[in-house]
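Hi,

Here is the structure I said I would pass on.

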Amino acid sequence: MDESYNNRMSLVKGAKDIAKEAKRHAAKKVSKIVNRATDEYSSQRNYSQFQNEDKDNDDMCYTQPDSNGHFPCSRTANDEDGEHYASDATEGHDDEDEIYEGEYQGVPAYTDRMPRDGQDSLGQPVSDSLRDRKELELERQADEEELAQQYELIMQECGHGRFQWQLFFVLGMALMSDGVEVFVVGFVLPSAETDMCVPNSGAGWLGSIVYLGMMVGAFFWGGLSDKVGRKQCLLIAMSVNGFFSFLSSFVQGYGMFLFCRMFSGFGIGGAVPIVFPYFAEFLAREKRGEHLSWLCMFWMIGGIYASAMAWLIIPHYGWSFSMGSAYQFHSWRVFVVVCVLPCVCAVVALTFMPESPRFLLEMGKHDEAWMVLKQIHDTNMRARGEPEKVFTVNRIKLPKHLDELVEMQSDSSNPVGKVLFRIRTELRGIWLTFMSCFNYPVKDNTIKLAFVWFTLSFGYYGLSVWFPDVIHHLQSDEYASRVKTHNNEHTEDFTFNFTLENQIHTNGVFVNDRFISMKLKSVTFIDSTFQNCYFDDVSTVGSLFKNCTFVEAFFYNTDIDDSKLVGSRVINSSFHHNKTGCQMTFDDDYSAYWVYLVNFLGTLAVLPGNIVSALLMDKIARLSMLGGSMVLSGISCFFLWFGTSESMMIFMLCLYNGLSISAWNSLDVVTAELYPTDRRGTGFGFCNAMCKLAAVLGNLIFGSLVGITKTIPILLASAVLVGGGLVGLRLPDTRGNVLM
């Protein structure tokens with residue numbers, strides 16, 4: 001019995017020896033084949049360890065075991081192990097002795113050398129086509145969850161310190177540029193349309209075209225950031241914005257100006273969808289909500305900066321120069337150049353920042369991610385006075401990448417074809433990622449977030465347009481109530497060399513009068529006669545001659561043309577050296593100061609809400625702050641019925657902005673935390689694109705109701721804000737979540 005048992009054990013041991021020897025030589029043959037193929041492409045390399053290939057092939061022998069269960073041609077266990085390791089050391093291809101590529105840079109290996117699930121006995125990966133797709137997706141989901149937990153622990157070890165604050169100010173400049181871009185549109189719109197002689201049919205296109213560019217840019221740059229990286233996309237987007245913004249200050253035609261501002265909006269559209277995911281991926285869970293809320297303050301700073309610069313620059317019309325009559329560079333163009341400065345600062349500073357390590361891990365770039373995390377750790381530890389503290393992380397989990405069908409390009413030396421192929425590939429990738437935002441489990445969240453973004457933006461931007469227009473309408477009514485009317489006046493041989501403003505002259509007769517170096521502002525002549533009159537260096541703004549008669553009049557260096565002569569007759573009169581272009585408003589026009597002051601106060605009013613939301617973001621539920629802020633903003637709209645004066649409307653504007661800012665901050669935080677890393681930029685970009693679409697619709701709808709009725713704007717804004725707040729309360733709370 002014992003003898004048969006020993007024989008069986010000897011057979012088992014012999015079989016194991018055979019399998020071990022076969023495995024070792026098979027692995028060695030595979031390595032030689034791979035290296036031989038490599039040598040064909042790298043003739044300069046010399047693999048001397050493979051020169052004795054024939055000799056190695058003769059090392060294996062297969063014989064029957066003897067009575068003791070050993071093989072005659074095999075070595076003893078000790079000899080075998082010693083020669084095995086010596087041979088492998090010579091070969092340099094044994095798994096245990098293989099040098100990790102990043103080891104020369106001090107980067108630890110992210111995987112062990114044992115065969116894992118999904119690999120065969122030789123360590124070669126099993127094709128995904130041989131495995132169930134659902135099983136692979138479950139494995140990836142498990143890897144993502146493990147990585148999310150580990151990444152949270154790593155960020156806690158790195159700490160929150162100097163590195164995060166440096167990135168905070170760099171990304172803050174980018175977000176500040178977005179705020180400046182929004183306010184620039186409203187500030188330069190009246191001056192640009194007047195300077196470029198834009199007819200009423202083309203007025204208003206500037207505001208819409210910029211928001212449309214931002215809408216497309218948000219979707220494109222957000223999706224692209226999930227493919228090529230947060231930093232790279234943000235850098236390119238900000239560069240596009242800066243270039244076209246700067247160029248727009250010099251172009252003269254309105255069509256070219258619209259083109260430049262559209263691409264400027266396309267570039268800055270990528271700021272918000274990238275800045276918040278980018279910064280969130282450098283923050284630990286307990287710091288994320290608070291510091292993302294502090295980051296939102298830079299949008300407010302951008303609005304304050306734009307308002308202050310407009311206040312200081314645009315009304316100073318002396319800050320201009322001209323090159324003949326064809327090229328005019330007025331003060332509003334100087335304002336546009338100054339508003340590019342935050343974007344330039346952001347681009348320069350961003351070049352010194354690293355890529356998001358969370359994104360690098362998602363792309364399988366373990367070494368690069370590890371080095372960025374070590375940089376964060378070392379920077380923060382040096383700032384704390386603990387430079388000797390060592391970064392202890394030596395292995396980071398990487399999620400499994402599923403095989404995808406990739407369209408291969410045929411060999412072509414045409415660079416244009418390669419570029420077009422790359423663009424088509426990236427756009428297809430963006431679209432596929434976008435469609436994945438409507439798959440389980442993020443489908444419901446995407447729909448709810450898009451609705452909340454749309455309603456909040458529709459109410460905010462709609463009322464932001466409606467408030468200034470209502471104030472301007474009230475000012476116009478007050479201005480019109482102070483108009484001076486002159487009827488049946490008769491002047492002869494008189495010299496007018498002063499400014500006429502806000503007057504109506506009816507049935508007047510002017511004989512041998514001289515109008516020299518004067519300005520006509522909001523002056524209308526109706527059924528009046530000008531006989532033998534002399535007009536020299538006359539500028540008009542908002543002034544008309546209706547049904548008037550000019551007999552033997554002489555016009556020199558004036559801007560009086562057919563557009564100002566409505567239904568008038570010109571008899572034996574001559575025009576010489578007429579002024580070209582449209583005339584800007586006058587130095588004594590204080591309405592511009594009033595508009596800038598209103599926007600400045602409205603933007604400054606969000607400061608208390610910013611501070612409160614930042615301090616409470618990690619202490620109370622984000623959704624409570626989001627829903628409560630939107631509902632309170634909707635309720636505050638009902639007080640607009642009491643806004644019968646300019647001061648009351650300004651107060652209501654400040655109240656509304658102060659209440660709504662908490663909703664914006666909460667929505668930014670929740671959106672960044674709800675999406676997984678591979679879809680975070682795409683989902684954020686789609687939601688922000690819905691925001692810009694709502695801004696366009698809000699501008700059109702609310703702008704058309706100014707001066708007609710208060711009821712519809714108030715009820716509409718209240719309904720959408722309250723509805724959006726209630727839907728926001730149905731979103732999942734993300735305060736305790738790690739970044740998936």
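Helix α9 passes helix α10 in a right-handed crossing (a crossing is right-handed if the near helix is turned clockwise from the far one by less than a right angle, and left-handed if anticlockwise). α9 covers residues 271–280 and α10 covers 285–313; their axes come within 10 Å and cross at roughly 145°. Axes here are lines fitted to C-alpha atoms, for helices over the stretch in contact, and angles run from 0 to 180 degrees between N-to-C directions. Helices (H or I, at least four residues) and strands (E, at least two) are DSSP runs, numbered from the N terminus.

Who touches whom there? On the α9 side you'll find Val 275, Phe 276, Phe 279 and Ala 280, and they meet Arg 288, His 291, Leu 292, Leu 295 and Cys 296 of α10 (contact means heavy atoms within 4.5 Å). By class, this contact has seven nonpolar, one polar and one charged residues. Ala, Val, Leu, Ile, Met, Phe, Trp, Tyr, Cys and Pro count as nonpolar, Asp, Glu, Lys and Arg as charged, and the others, Gly among them, as polar.

Before you go further: this is a predicted model, where local features need pLDDT of at least 70, side-chain atom pairs count only at pLDDT 80 or more, and totals for chains, interfaces and linings use all residues. Residues are numbered from 1 along each chain as its sequence is written, and side-chain values use heavy atoms, with hydrogens and water left out.

On confidence, the protein averages a pLDDT of 76, and 73% of the residues score at least 70 (pLDDT is the predictor's confidence in each residue, from 0 to 100). Residues 37–105 are below 50, and beyond near neighbours in sequence that stretch has 69 contacts in the model. Residues 110–124 are also below 50, with 23 such contacts.

Next, α7 (residues 230–248) and α12 (residues 341–350). They pack at about 150° with their axes 9 Å apart, which makes α7 roughly antiparallel to α12 (angles under 35 degrees count as roughly parallel, over 145 as roughly antiparallel, 65 to 115 as roughly perpendicular and the rest as oblique). α7 passes α12 in a left-handed crossing. From α7, Lys 231, Leu 234, Leu 235, Met 238, Ser 239, Asn 241 and Gly 242 meet Cys 343, Ala 346, Val 347 and Leu 350 of α12. That contact divides into seven nonpolar, three polar and one charged residues.

The axes of α18 (606–616) and α20 (646–674) come within 7 Å and cross at roughly 35°, and the crossing is right-handed.

Now the strands. There's an open sheet of five, ordered β4-β7-β9-β12-β15, with parallel pairing (two strands pair if DSSP finds at least two bridges between them). β4 (490–492) and β15 (569–571) stand at the edges, each with a single partner strand, so one side of each is left without a neighbour in the sheet. Neighbouring strands of this sheet are turned by 5° against each other on average, direction ignored. β4 pairs with β7 (509–511) over three bridges, and His 490 has Val 509 as its bridge partner in β7.

Elsewhere, seven bridges join β8 (514–526) to β10 (534–541), running parallel; Leu 520 is partnered by Thr 540 in β10. β10 also pairs in the parallel sense with β13 (554–556) over three bridges, where Phe 535 stands opposite Phe 555.

Cheers
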